[in-house]
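I opened my notebook to look up how this chain is put together. My entries follow the order in which I checked things.

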Amino acid sequence: MAGTRTQTKNRRTVGPHRLNRRVPAWHRPISAFVLSFLCALSALMTSSLAEPPADAERGQKLYRACKACHEIGVDARNGVGPHLDGLFGRTAGSIENFKYSSAMRIRGGAGLEWTQETLDAYLEKPRAFVGGTRMSYRGMKKQQDRDDLIAFLRKASDRDPAAHPEIPKPAHPEIGAEAMALTGDTDYGEYLSSECVTCHQLSGRADGIPSIIGWPKAAFIRALFDYKTNVRSHQVMQNMTANLGNEEIAALAAYFGSIDPQ
């Protein structure tokens, strides 16, 4: 009888509430309240970490890095790079009379169009997106910067370019105006180019050194005079242009401008 009482007593002490206490905390069901709280907290954190909306005004300031080569807006023309009017939906490498790299023409022939997504990828790493591009820009790392710049491009590119964007704007007084007025001797320019091509590739590729192939005459001459007069700071280029006269600079512009990028 004593043994039976002991067994009965043990059964009474091991009730359902004691069994629950033995279940580890991580095995117990989460209450609906706690689950709702965690979901709300997750949503709050996600929204706080999201990128702010694109800012076209800030994008206009970022565009300053592009404007040395590209024009955009009313009466835009081709320069070192193609004009950017009507950019969205445009087939890559499709502007007539502009000397694109063969890589850009091939990508365009394969169906590449400029959209929010393709511009974002190109701006992030131009040479990775279009291997062999002439554009020497290394890329824009920050997503917010790219979003802001693309927002500005979308707004500003909704304009009509010049009727003939391949024709330069009328010359205005500038330090290289005399050289621009000359008809450069292409053969003489080829003779003078030997020092240039030790760094710049005749293929037009921009692998660490900017491409100078196919540049418009005025842009090429202006760049050399910027180095010659210390507007641009680059010791090697300043030394090379120091003794170049108008005839030599016009000849170099004629020679490099006559070459089609590969």
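**Entry 1: the whole chain.** Of the 262 residues of the chain, I find that 35% count as buried. Buried means under 20% relative accessible area, exposed means over 50%, and partly exposed is in between (1.4 Å probe, protein chains only). I note that this is a predicted model, where local features need pLDDT of at least 70, side-chain atom pairs count only at pLDDT 80 or more, and totals for chains, interfaces and linings use all residues. Residues are numbered from 1 along each chain as its sequence is written, and side-chain values use heavy atoms, with hydrogens and water left out.

Entry 2: I looked up the elements and got 13 helices and zero strands. Helices (H or I, at least four residues) and strands (E, at least two) are DSSP runs, numbered from the N terminus.

**Entry 3: contacts.** I took the contacts in the chain with a separation of 6 or more; residues 24 or more positions apart account for 64% of them. Contact means heavy atoms within 4.5 Å.

**Entry 4: the largest core.** Which residues have the most contacts inside the largest nonpolar core? They are Tyr63, Met104, Trp114, Leu149 and Leu153, in a core of 23 residues. A nonpolar core is a set of buried Ala, Val, Leu, Ile, Met, Phe, Trp, Tyr and Cys residues joined through side-chain atoms within 4.5 Å. Helices H5 (102-109), H6 (116-124) and H8 (143-156) each give two or more residues to this core. H8 supplies the largest share, five residues. Apart from this core lies another, of 22 residues, including Cys196 and Tyr255. In soluble globular proteins, nonpolar side chains tend to be buried together.

**Entry 5: Met104.** I left aside its neighbours within four places in sequence. Met104 is then in contact with Ala92, Gly93, Trp114, Tyr122, Val130 and Thr133.

**Entry 6: helix H8.** Why is H8 largely enclosed by the rest of the structure? It is because 10 of its 14 residues are buried. Among them are Asp145, Arg146, Leu149 and Leu153. The buried residues of H8 pack against helix H4 (56-62) and H6. I checked the length too: at 1.5 Å a residue, H8 should span 20 Å, and its end C-alpha atoms are 20 Å apart, which agrees. The expected span is 1.5 Å times one less than the number of residues in the helix.

**Entry 7: Thr183.** Is Thr183 buried or exposed? Thr183 is exposed, with a relative accessible area of 77%. Thr183 lies in the loop between helix H9 (177-181) and helix H10 (186-192). Thr183 and Ala254 are 71 residues apart along the chain, yet their C-alpha atoms are separated by 7.7 Å.
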